[in-house]
Amino acid sequence: MAGAVPAGGFGSVPSLSKLGYKSPNEKLNLATIGAGGRGYVDLRYAAAGVENVVALTDVDFARGAQGFQAWPKAEKFKDFRQMLDKKGKEIDAVTITTSDHMHATCALACMQADKHVYVEKPLTRTTWEALLLRDAAAKYNVATQQGNQGYSHDATRVACEIIWSGEIGDVTEVHAWSGRPEWPLGMQKIPPPTPVPDTLDWDLWLGGAAWRPYTAGDDAYKALMAPYIEAATGDAALRRSYVGYYCPFVWRGFCDFGTGHFGDWGIHIMGAANWGLQLSLESLISVEAIKREGTSPFTYPQKSAVKYEFGPRGSMPPVTVYWGDNVQGDAYLPPGMSAEQARRIPGTGPQVGPTFGGRAGAGGAGGGRGGPARSGYNCIFVGSKGYMGTNGRAEEVGLLPGSRWAEYKLPNAYLARSPGPSPGTNSVDWDIAAHTHDWVRACKGGAPACSNFSIAGPYAAWVLLGAVASHYDGKLLWDNAKMQFSNNKDATKWIRPTFRKGWDLKL
């Protein structure tokens, strides 16, 4: 196993000893940037009924109402900078759940104010920002975590151990994919401006992005959105109230604000590949869009597939990682193997971690709303001695075919196991609870969280180059020393954002 464990892997960083860290018995004073929707969920599990919530920030008070009602004693803000100025001395740690284009801006300001930060996935919108946050976390010595919850599931760690044990031999290919998105892509025109809601500060929502008029969409756009809303799980009326043209929610598909499938599901689904195969920008050779359907001048394509080529990493051979989105069913099956043969046989083989009552099982495969992959996997590793698959956020793992997994004995545990869920949580949201608990533990002086920015920054950096490739035909050759594509100057413009005046980022 010499050289097999990533240099920045879980447990490899010494415990933090920064002045001001809370002891395990002290309560953290938490704040959030993004108080409704996923922001509410992240803060709820971070607080877990134990920690204090002292400040809530949301640029849209209607969207933030969910958090405001849950923590009525916490002070409310629209501007995160005002929150840090006014409440900074009381705040220990901040959860950040905004649109992708503001992740780096908010996180850097919080770290420079000496706050621990939990930032939802993907860590940033661009590769340059991801590496900036990596460097900022090291400089300011705070506890950090990216919200890719699968990293806190034991199945992800078992997948790494299976690879390192040599069970499937040298891995030379990885095939990963997600299902249909929950928002439209490939749009060709922007609806005319509409009045900005009284509850929303549109200028603050844009932040560092280029100015444009607000629009809630026209009749044609609302008709386009209707099937997505009706397909949504839960309360359709509630989901409808959350959906506008840019915000809230639909920003994921816009190149200026989101990262499409790559940041929504790719950063989850390719987690075990990143960890187990030690993938990095340093070993990246090229990235290439091998499918682009329904392209748009301002959103990501309706359907895309990307190929990442990595060179050797230590004793590991070159590997090609294939990513596909908007896939219904299986994007890949081993030659000569049917989906039925690939599936795990119920009641047989090792059970790794909680199954969420099937939420992360076959029903979770593929991500999005495209329906489950028939094999039960959405990431398949091709080795010289066999195949392994992971599912959901790599919350389930198995060998293919299912008959091989049925008789398989797990290798000895090598990686530290997940800390488990926080108090007051239930098994359905085990992954979210465990991941936030891991970060809270780090905030109180424990071991660094499993997806701290020394790990999450480099990981997000290479994944997000797939989003860049989705704009172009042909292979993009990566020059890591110069942080650019050596054969496409135009593509390099997507590596680092251009900020509006007053929003530039500096360590």
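**View 1. Helix H6 against one part of the sheet.** In this predicted model, helix H6, formed by residues 154-165, lies across strands E7, E11, E12 (386-391) and E13. The direction of H6 is at about 30° to that of E13, and E13 (396-400) is itself one of the edge strands of the sheet, pairing on one side only.

**View 2. Helix H10 across the sheet.** Helix H10, which comprises residues 260-269, lies across E7, E9 (303-310), E10 (319-324), E11 and E12. H10 runs at about 130° to E10.

**View 3. The open sheet and its edges.** The sheet is open and mixed in its pairing, with 9 strands that follow one another in the order E13-E12-E11-E7-E10-E9-E8-E14-E15. Its edge strands are E13 (396-400) and E15 (484-485), each of which pairs on one side only.

**View 4. The pairing of E7 with E11.** Strand E7 (residues 171-177) and strand E11 (residues 379-383) run antiparallel and are joined by 5 bridges. Within this pairing, Ala 176 stands opposite Cys 379 in E11.

**View 5. The packing of helices H5 and H15.** Helix H5 (residues 127-140) packs with helix H15 (residues 453-469) at an angle of about 175°, and the two axes are 8 Å apart. Because of that angle, H5 is roughly antiparallel to H15. On the H5 side the contact involves Thr 127, Ala 130, Leu 131, Leu 133, Arg 134 and Ala 137, which meet residues of H15 that include Phe 453, Gly 457, Pro 458 and Leu 464. Taken together, the residues of this contact between H5 and H15 divide into 10 nonpolar, 3 polar and 1 charged.

Notes: Residues numbered from 1 in each chain as written. Predicted model: local features only at pLDDT ≥ 70, side-chain atom pairs only at ≥ 80, totals over all residues. Heavy atoms only, no water. Axes fitted to C-alpha atoms, helices over the stretch in contact; angles between N-to-C directions. Helix = DSSP H or I, 4+ residues; strand = E, 2+ residues; numbered from the N terminus. Parallel < 35°, antiparallel > 145°, perpendicular 65-115°, else oblique. Contact = heavy atoms within 4.5 Å. Nonpolar A, V, L, I, M, F, W, Y, C, P; charged D, E, K, R; others polar. Pairing = 2+ DSSP bridges.
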